[in-house]
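The sequence and the model are shown first.

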Amino acid sequence: MNPWPVPVSRDRLGVLIAAYEYELGSCFRCIRKGIQVTRFGEIVSEEGETPLYACRECVQELLSIHERNMDRTGHRPRIVQLPRTSRGAETT
């Protein structure tokens, strides 16, 4: 449960952004620290996986870019929800 009350837009994008679980951390995109972030993706290589955490503003911008791209191309990719480990449970 999100302990920080945040106003949520009721449009499709706002509901999607609110569905993420947030915790305090650093944003990979805007480099701000000590803010609410969510695991938004990862970089996968032969050496392993590096999780990417993004703040609400950057999540919104990345999702908007994705939406504009999908509108332009006329199709949507298949979305697969992968299981996530909590940040403290990740191994290095």
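Arg29 is partly exposed, with a relative accessible area of 38%; here buried means under 20% relative accessible area, exposed over 50%, and partly exposed in between (1.4 Å probe, protein chains only). The residue lies in the loop between E1 and E2. Apart from neighbours within four places in sequence, Arg29 is in contact with Cys58, Glu61, Leu62 and Ile65, contact meaning heavy atoms within 4.5 Å. The C-alpha atoms of Arg29 and Cys55 are separated by 8.2 Å, although the two residues are 26 residues apart along the chain. The loop between strand E1 (23-25) and E2 also holds Ile31. Ile31 counts as exposed at 55% relative accessibility, and its phi is near 65°, a positive value in a residue other than glycine. Most residues other than glycine have a negative phi.

The model is predicted: local features need pLDDT of at least 70 and side-chain atom pairs count only at pLDDT 80 or more, whereas totals for chains, interfaces and linings use all residues. Residues are numbered from 1 along each chain as its sequence is written, and side-chain values use heavy atoms, with hydrogens and water left out.

**Fold**

The chain comprises two helices and three strands, in the order α-β-β-β-α from the N terminus. Helices (H or I, at least four residues) and strands (E, at least two) are DSSP runs, numbered from the N terminus. Strand E2 (residues 35-45) pairs with strand E3 (residues 48-55) in the antiparallel sense over eight bridges; pairing requires that DSSP finds at least two bridges between the strands. Two residues separate E2 and E3 in this hairpin. The bridge partner of Val37 in E3 is Cys55. Of the 92 residues, 25% count as buried. Among contacts with a separation of 6 or more, 40% involve residues 24 or more positions apart.

**Core and cysteines**

The largest nonpolar core has 11 residues, including Ile17, Tyr22, Cys27, Val37, Cys55, Cys58 and Leu63. Two or more residues of this core come from each of E2, E3 and helix H2 (56-73). Such a core is a set of buried Ala, Val, Leu, Ile, Met, Phe, Trp, Tyr and Cys residues joined through side-chain atoms within 4.5 Å.

Cys55 is buried at 0% relative accessibility, and Cys58 is buried at 5%.

**Salt bridges**

The structure holds four salt bridges, each a side-chain nitrogen of Lys or Arg within 4 Å of a carboxyl oxygen of Asp or Glu. Three of them are listed below.

| Pair | N to O distance |
|---|---|
| Arg39 and Glu42 | 3.5 Å |
| Arg39 and Glu49 | 2.3 Å |
| Arg68 and Glu61 | 3.8 Å |

Arg39, Glu42 and Glu49 are linked in a network of salt bridges. Arg39 counts as buried at 13% relative accessibility. Because Arg39 lies in strand E2 and Glu49 in strand E3, their pair ties together parts that are 10 residues apart in sequence. Glu42 is partly exposed at 25%, as is Glu49 at 47%. Glu61 is partly exposed too, with a relative accessible area of 32%.
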